[in-house]
Amino acid sequence: MPEPHQSPYIRIALPDDEEELSLLDRRTWSHLHAVTPRPQAPHSPFFDERHAPGDHLVAELDRRIVGYVRLGFPTALASNAHVRQIQGLAVCDEARGHGVGRALIRAVVEEARRRGARRLTLRVLGHNTPARKLYESEGFVVEGVLPEEFFLEGRYVDDVIMGQTLFKPA
């Protein structure tokens with residue numbers, strides 16, 4: 001368990017992080033945030049042609065990866081290249097409540113700015129109240145709701161689209 005005052009070290013993922021990130025991803029899987037079935041062996045690689053190490057920021061405590069956030073493009077369209085999207089965020093159970101998720105969100109906002117993005121968006125399931133509160137507290141606002149977009153564990157769940165402007169137009 002991390003010390004309460006300890007801040008996570010945030011860095012760009014490395015190819016050598018593959019196994020640790022893959023394990024973290026499987027251990028944190030839940031229908032609270034996942035719309036895909038529970039991962040089963042043989043497991044797909046964490047990094048692939050759409051998700052390279054450089055698309056991820058990882059959080060470390062005591063030199064151990066305790067969380068990650070994936071930053072991608074919402075589409076492959078040139079007309080949409082000014083927008084980045086958070087396409088995954090996970091924090092291991094032992095590190096929850098220690099500011100890891102907040103540190104990752106703040107770092108990914110800065111990384112999106114550094115990469116020239118004007119906007120940062122994300123999608124979060126309507127029933128994921130802790131994530132929605134975290135995003136709102138970091139400046140994201142609800143920009144749309146897709147009602148009953150997913151059917152998970154016997155019930156319909158909304159898909160909430162949130163966003164944040166990174167650079168104000170002149």
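## A guided tour of the chain

You are looking at a predicted model, in which local features need pLDDT of at least 70 and side-chain atom pairs count only at pLDDT 80 or more, while totals for chains, interfaces and linings use all residues. Residues are numbered from 1 along each chain as its sequence is written, and side-chain values use heavy atoms, with hydrogens and water left out.

**Stop 1: the fold.** Switch to cartoon, and you will find three helices and seven strands, in the order β-α-β-β-β-α-β-α-β-β from the N terminus. The radius of gyration is 16 Å, close to the 15 Å from the globule rule for 170 residues, so the chain is as compact as a globular protein of that length. Helices (H or I, at least four residues) and strands (E, at least two) are DSSP runs, numbered from the N terminus; the radius is taken over C-alpha atoms, and the globule rule is 2.2 Å times the number of residues to the power 0.38. Along the principal axes, the C-alpha atoms fill a box of roughly 40 × 40 × 35 Å.

**Stop 2: the core.** Of the 170 residues, 42% are buried (under 20% relative accessible area; exposed is over 50%, partly exposed in between; 1.4 Å probe, protein chains only). Now select Leu21, Ile86, Val100, Leu120, Tyr135 and Phe140, which touch the most other members of the 36-residue largest nonpolar core. Elements giving two or more residues to this core include α1, β2, α3 (129–137) and β7 (155–165), and α2 gives the most, with six residues. Such a core is a set of buried Ala, Val, Leu, Ile, Met, Phe, Trp, Tyr and Cys residues joined through side-chain atoms within 4.5 Å.

**Stop 3: Leu120 and Gln164.** Centre on Leu120 and show its contacts (heavy atoms within 4.5 Å). Setting aside neighbours within four places in sequence, Leu120 has contacts that include Ile86, Val108, Phe140, Met162 and Gln164. Move on to Gln164, in strand β7. Is Gln164 buried or exposed? Gln164 is buried, at 11% relative accessible area. Not counting residues up to four places away in sequence, Gln164 touches, among others, Arg113, Arg118, Glu138 and Glu143.

Stop 4: Select Gln40, in the loop between α1 (18–27) and β2 (56–61). Gln40 counts as exposed, at 56% relative accessibility. Pro42 is in the loop between α1 and β2, and a cis peptide bond with omega of about -5° joins Ala41 and Pro42.

Stop 5: Go to Asp62 and Arg63, in the loop between β2 and β3. Most residues other than glycine have a negative phi, and most peptide bonds are trans. Phi is about 55° at Asp62 and near 60° at Arg63. Asp62 is exposed at 58%, and Arg63 is exposed with a relative accessible area of 80%.

**Last stop: Asn80.** Look in the loop between β3 and β4 for Asn80. Asn80 is buried, at 17% relative accessible area. Beyond neighbours within four places in sequence, Asn80 is in contact with Pro74 and Thr75.
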